[in-house]
Amino acid sequence: MIEIHHLCVRYGDLVALRDVEGTIANGTSLAVVGPNGGGKSTLLKAIAGVVKPCDGHVHTNGARIAYLPQQSSVDRNVPITVAELVSFGLWRETGWFGAIDAKRRARIDEALTTVGLTAFASRRIDALSAGQLQRALFARLLLDEAEIVLLDEPFTAMDAATSAQLAALFANWRAQGRTIIAALHDLGEVRQYFPQTLVVAGRPLAWGATDEVLTPDLIGNAFAFATADHHHAEPHAHDHHGHHDH
């Protein structure tokens, strides 16, 4: 269980998120939605321990966490191959530079096959399209047996068919009892894949069953939040998908 108590996060003088209070049970699939700068990424970073709260705290009770940040934060200039990137999902078992034996190599190959990147195993990550890189990052998560999976805009640069293919992995993770928390801007994807939703706009506006939370009035109020005061409260991606991966 993740326990969040009176969480507040600021960047310099700007309060990006405040007054978050609640618990997330094991095995929950929770979407976090709201306007750009509303605190979606900040909440995930706070759970991951990437940012420190200015008030309150997050307890993950010793659970292992896998965190997929927004793609814009991934350094694509690191001279590694797709297979090497995916192999980082084994770091809990091998350490960062541990040997990859035949059994683990087979697991890497299986993960690449699952995301449709078998032919790209030896390609450098700086040669990938945005959609291909996102698939590779998913493959890395497949090897990381974390109990909590945090996904920040996981379907960026993907077409609908690829998004559906990767979202099918969520069912496997849920069956394994993993907790999935994803920041999303596509409300159709939220309704399709996430039974629970948290709406944030600087603070929580609603938290509960997706079909009860995603009402037109509530969403309208949330997105009316995008004011100049909060526009730069956190780094954020634009709301378009960019180049699609076909």
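**Reading a helix face and an aromatic cluster**

Tutor: In helix α4, the residues I108, A111 and L112 are buried, where buried means under 20% relative accessible area, exposed over 50% and partly exposed in between, with a 1.4 Å probe and protein chains only. This is a predicted model, in which local features need pLDDT of at least 70 and side-chain atom pairs count only at pLDDT 80 or more, while totals for chains, interfaces and linings use all residues. Residues are numbered from 1 along each chain as its sequence is written, and side-chain values use heavy atoms, with hydrogens and water left out.

Student: Which helices do the buried residues of α4 pack against?

Tutor: Contact means heavy atoms within 4.5 Å, and the buried residues of α4 pack against α2 (82-87) and α5 (130-143). Helices (H or I, at least four residues) and strands (E, at least two) are DSSP runs, numbered from the N terminus.

Student: What follows α4?

Tutor: The helix is followed by G116, whose phi is positive, near 75°.

Student: How many aromatic pairs does a search of the whole structure find?

Tutor: Rings of Phe, Tyr and Trp (its six-membered ring) pair if their centres lie within 6.5 Å, and planes under 30 degrees apart count as stacked, over 60 as edge-to-face and the rest as tilted. The search of the whole structure finds 6 such pairs. In one of them, the rings of F155 and F170 have their centres 6.1 Å apart and their planes at 40°, so the pair is tilted. F155 lies in the loop between β6 (148-152) and α6 (160-175) and F170 in helix α6, so the pair ties together parts that are 15 residues apart in sequence. Both F155 and F170 are buried.

Student: How does F155 stand to Y193?

Tutor: Their ring centres are 6.0 Å apart and their planes at 55°, so the pair of F155 and Y193 is tilted. This pair links distant parts of the chain, since Y193 sits in helix α7 (residues 187-193), 38 residues apart from F155, and Y193 is buried as well.

Student: Which residues form the aromatic cluster?

Tutor: One cluster is formed by F138, F155, F170, W173, Y193 and F194.
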